[in-house]
Every structure is written in C-alpha cells, then in structure tokens.
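Visitor: I am new to this structure. Please walk me through it, and tell me what lies behind each label.

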Amino acid sequence: MTPSPSPSRPPAGQPSKREWFSELIGRTRFVVLIAVIAVLLVSFSLFLQGTLLALHTIYDSWQETFRMGIASQQGSIAVEFLEIVSTMLKAVVFYLIGVGLYSLFITPLNLTSALGVESLADLEQKVVSVIIVILGVTFLEHFVRWEKPLDTLYFAGSLALAGGALVFFQRVHRGSGGDLQQPQAKLRARQDLFEHNTEQRHIDDHDVELAEQATQAKQEGKVDAGGGSG
C-alpha cells in the first residue's frame, strides 16, 4: 500500500500563501495615511486662519481703542476673541484625529500616549470632550451678544440637548478605552517626549503585563471600568 502524498509545504523560511495574504491585508492600514494627511492639513489651515484672525482682531481693537476710547470695546471685543478661541479648538479637534489615527494605525507615538489616546474609544472620548467645550464657547458668544433673548434661549436649549447627548455618550463608553492606558506608561511617554525628544513609542513586555493585569482586574470587577486611564 503506497502512502498518500503529503500536502505541499513552502520551504523553510518562506511564508505560506495565507501568511502572505494576511501580511498584504495588514499593509492596507497605510491607506489611513491619506486621511491623516488630509485631516492634518485642515488642522494646520485652521491654526493659520485662527492666528491671522487673532492678529487682525488685535490690530483692529487697539486701533479703535486709540480712536474712540476703551469704552468702545465693551462687549464686542469679547465676542471677537471668543470666535478666535472657537477656531483654535476646531483646529485641535482635527489635530487630535490626525495624530490619533497615525498612532493607532501606523506607528505608536509618545504624544498620543501622553494624551491618553490608546484606542479608537479613547480618541472618541478626547474629540467629544473638545466638541463639548466648543459648544460652550459658541453659546457664550451668543450670550455676550444678547441681541435676541428668545433666540438665545432656543439656542441654549438646542446646545443643552446636543451637549447632554455627548455627555451621556461619554458616560456610556466610560472605561472602554485601551488597556495600555496606565499611569506609569503615560509618565514614561511624557518623559520620552518632552525630555528625551523621542517621538515614537516603544511597547515593552512590562506594558503588556500591566495591560493583561488591568484587563483581568476589570473582568473580575476588582477595579472600576474607568480607573485604567490614570
């Protein structure tokens, strides 16, 4: 009885077709670079526009102050500067999305780890937090103007609904962030970034052990689900 032929195997050191295809699929993550570049360009554009708007507002406000006195700036100058703050905050939102996507899909960065962005859930939490601040600044602009009180009241109600929904979203997803989000990992990332000027983050075995311990503790209910953010 002749033995059945064994299935063909790739030579030692050469990947199989499945491994080759898996590696190819994994390489598709670099398509995220298109979104990263686009979002960062939007962020830089907003930062530049906010800077130019700030310079123009400062120049106009001081020019009007010298011409008509400081009393002419009451009320209006606060609204103009709040618009600058709103523009800068919008730029921060796009910047967080850009560097967050790069760190999650391309190369881990100390910057995102120092900011507490270890997963898509963490990135969502940070972006939602900044959006809530933008809503508050936007309402403050309308409140300072106080042109139409009834419209301001309606506007406040709509912002309260939107802000309340975002806060509820944060509460529901609280604690669903990355397991590597440990206090010591954040401190080490900040030290590498700000003292040693090291951008890329290195994940060692100790980080993995801490993540496994945190995950097990959360599953067993020994710690609060939101306590891993440090």
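This is a predicted model: local features need pLDDT of at least 70, side-chain atom pairs count only at pLDDT 80 or more; totals for chains, interfaces and linings use all residues.

Guide: A definition comes first. Helices are DSSP runs of H or I with at least four residues, and strands are runs of E with at least two.

Visitor: What makes residues 127–146 a stretch to pick out?

Guide: A record does. The UniProt annotation "transmembrane region", from an unreviewed entry, covers residues 127–146. The annotation also covers 30–59, 92–115 and 152–169. Such annotations may be inferred rather than shown by experiment.

Visitor: How much of residues 152–169 is helix, and how far apart are the ends?

Guide: That stretch is 100% helix and 0% strand. Its end C-alpha atoms are 25 Å apart.

Visitor: How many helices and strands does the protein chain have?

Guide: The count is eight helices and zero strands. From the N terminus on, the order reads α-α-α-α-α-α-α-α.

Visitor: Why is N110 called buried?

Guide: Buried means under 20% relative accessible area. N110 has 1%, so N110 is buried. Its place is in helix α4, residues 110–115. The C-alpha atoms of N110 and H202 are separated by 8.4 Å, while 92 residues separate the two along the chain.

Visitor: Why does L96 count as buried?

Guide: The cut-off is again under 20%. L96 comes to 12% relative accessibility, so the label is buried. L96 is found in helix α3, residues 76–105. L96 and T112 are 16 residues apart along the chain, with their C-alpha atoms separated by 8.4 Å.

Visitor: What share of the protein chain is buried?

Guide: Buried residues make up 30% of the 230 residues.

Visitor: Why is G164 called partly exposed?

Guide: Exposed means over 50%, buried means under 20%, and partly exposed lies in between. G164 has 38% relative accessibility, so G164 counts as partly exposed. G164 is found in helix α6, residues 149–172. C-alpha to C-alpha, G164 and I132 are 9.1 Å apart in space and 32 residues apart in sequence.

Visitor: Which residues make the nonpolar surface patch?

Guide: W20, F21, L24 and I25 make that patch, and its area is about 430 Å². Patch residues need over 30% relative accessible area. I25 has 46%, and therefore I25 is partly exposed. I25 lies in helix α1, residues 17–27.

Visitor: Which residues gather in the patch of negative charge?

Guide: D204, D205, E209 and E212 gather there, on the surface. Asp and Glu count as negative.

Visitor: How do you know that D204 is partly exposed?

Guide: The label covers values between 20% and 50%. D204 has 35% relative accessibility, so D204 counts as partly exposed. D204 lies in the loop between α7 (183–194) and α8 (205–220).

Terms used
Residues are numbered from 1 along each chain as its sequence is written. Side-chain values use heavy atoms; hydrogens and water are left out. Patches are made of residues with over 30% relative accessible area and no salt bridge: like charges are joined within 9 Å, nonpolar side chains (Val, Leu, Ile, Met, Phe, Trp, Tyr) within 5 Å. Accessible areas come from the Shrake-Rupley method with a 1.4 Å probe; for residues, only the protein chains shown count as cover. A salt bridge is a side-chain nitrogen of Lys or Arg within 4 Å of a carboxyl oxygen of Asp or Glu. The place of a charge is taken as NZ of Lys, CZ of Arg, CG of Asp or CD of Glu. Buried means under 20% relative accessible area, exposed over 50%, partly exposed in between (1.4 Å probe, protein chains only).
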